[in-house]
Every structure is written in C-alpha cells, then in structure tokens.
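Visitor: I would like to learn how to read a protein model. Please take me through one feature at a time.

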Amino acid sequence: MACFVVPATEAVITTVVNAVLKNKESRMVQTKSTEHAVETVEAHKGKTSFTTKLGWLNTMLWGGSALLAFEHAWHGEVVPYFPFFTAVTNGEVSEMLAEMSSVGVTMALLVTAVWGGMVAVTGIMEKRNDKVQDIITEVI
C-alpha cells in the first residue's frame, strides 16, 4: 500500500545530507591554498569521495521508491488526489501503517545494507589499487 514511503523518506534525508556535504567539499577544495587542505586533497587523490558514494545510495533509494510508487499506482493503491492512498479512504490505515513499518523499513534497511556492501567493496578495490601503485613505483 505505502511501503515505498519509508525508502522515499530515507532518500529525502540522504539527498539533503549529500547536498550539505558537497557544499562543504567544494568549500574545502576552494581553500586548498592552506597546508591542511592540500594534504587532505592529496590524501584523497584517486579515491571515491563519500558524497559520490552517498549519491549511489540516493540513486538506489529514489529509483526503488519511484518503481514501487508506480507499481502501487498501477494496482490502484495510490491515486493522484487527496488522500492519495486508497487505504485511507477505505479505513485501512492500521494495515497501511503496519505495512510501512514492516515491509517499508525492511526494504530501506536492505537497500542501505547493499549500499554498505558496495562501499566496502569499493574500499577494498581502492586499497588494492594503492598497493599496486606502490609496487609499480618501487619497480620504476
């Protein structure tokens, strides 16, 4: 009925957080004339930024939420007029809230866990790349 609302809410929150972090990153890059910022930029050279990784989570959450909203609209559970959910009109609010708290939360946690796995794999790949670069540097 409304299980897509939970991942969509998480997507809104992570989108706002991502925008704030991107703003901070851009300010840091602009002030790279200081020693600390130069060291920080050099330390992250060749690594995927956290805002890029958070963007992956946003894409997954927004895409999944949009697909589920379309599916629920297709089946007539979501309508384009107030109160938007047919469960509210039919008096099934408790069932809708139960679905949101069980299925919606589970989906949001699963998507976030998959994203965490992607971030972990990316970190491992970046470490391996650093080791290979060190070996190449030693050989040359």
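Visitor: Which pattern does the protein follow along the sequence?

Guide: Helices (H or I, at least four residues) and strands (E, at least two) are DSSP runs, numbered from the N terminus. Here the pattern reads α-α-α-α-α, with five helices and zero strands in the protein. The model is predicted: local features need pLDDT of at least 70, side-chain atom pairs count only at pLDDT 80 or more, and totals for chains, interfaces and linings use all residues. Residues are numbered from 1 along each chain as its sequence is written, and side-chain values use heavy atoms, with hydrogens and water left out.

Visitor: How many of the residues count as buried?

Guide: A residue is buried under 20% relative accessible area, exposed over 50%, and partly exposed in between (1.4 Å probe, protein chains only). By that rule, 24% of the 140 residues are buried.

Visitor: At what angle do the axes of α3 and α5 cross?

Guide: Axes are lines fitted to C-alpha atoms, for helices over the stretch in contact, and angles run from 0 to 180 degrees between N-to-C directions. For α3 and α5 the angle is roughly 150 degrees, and the axes come within 10 Å. On the α3 side the contact includes Phe50, Trp56 and His72, and on the α5 side Glu99, Trp115 and Val119 are among the residues. Nonpolar covers Ala, Val, Leu, Ile, Met, Phe, Trp, Tyr, Cys and Pro; charged covers Asp, Glu, Lys and Arg; the others, Gly among them, are polar. The contact of α3 with α5 has 13 nonpolar, three polar and three charged residues.

Visitor: Is His72 buried or exposed?

Guide: His72, in helix α3, has a relative accessible area of 6%, so this residue is buried. Leaving out residues up to four places away in sequence, His72 touches Met1, Cys3, Phe4, Glu77, Val78 and Glu99.

Visitor: And where does Val119 lie?

Guide: Val119 lies in helix α5 and is partly exposed at 22% relative accessibility. Between Val119 and Trp56 there are 9.3 Å in space, C-alpha to C-alpha, and the two are 63 residues apart in sequence.

Visitor: Why is α1 called oblique to α5?

Guide: Angles under 35 degrees count as roughly parallel, over 145 as roughly antiparallel, 65 to 115 as roughly perpendicular and the rest as oblique. Helix α1 (residues 5–30) packs against α5 at about 45 degrees, with the axes 7 Å apart, so α1 is oblique to α5. Val5, Val6, Pro7 and Glu10 of α1 take part, and Met100 and Gly104 are among their partners in α5. This contact of α1 with α5 has seven nonpolar, two polar and one charged residues.

Visitor: How many aromatic pairs does the structure hold?

Guide: Rings of Phe, Tyr and Trp (its six-membered ring) pair if their centres lie within 6.5 Å; planes under 30 degrees apart are stacked, over 60 edge-to-face, and the rest tilted. The structure holds four such pairs. One of them joins Phe50 and Trp115, edge-to-face, at 6.4 Å centre to centre with 70 degrees between the planes. Phe50 sits in helix α3 (residues 50–74) and Trp115 in helix α5 (residues 93–139), 65 residues apart. Phe50 is partly exposed at 44%, whereas Trp115 is buried at 13%.

Terms used: Contact = heavy atoms within 4.5 Å.
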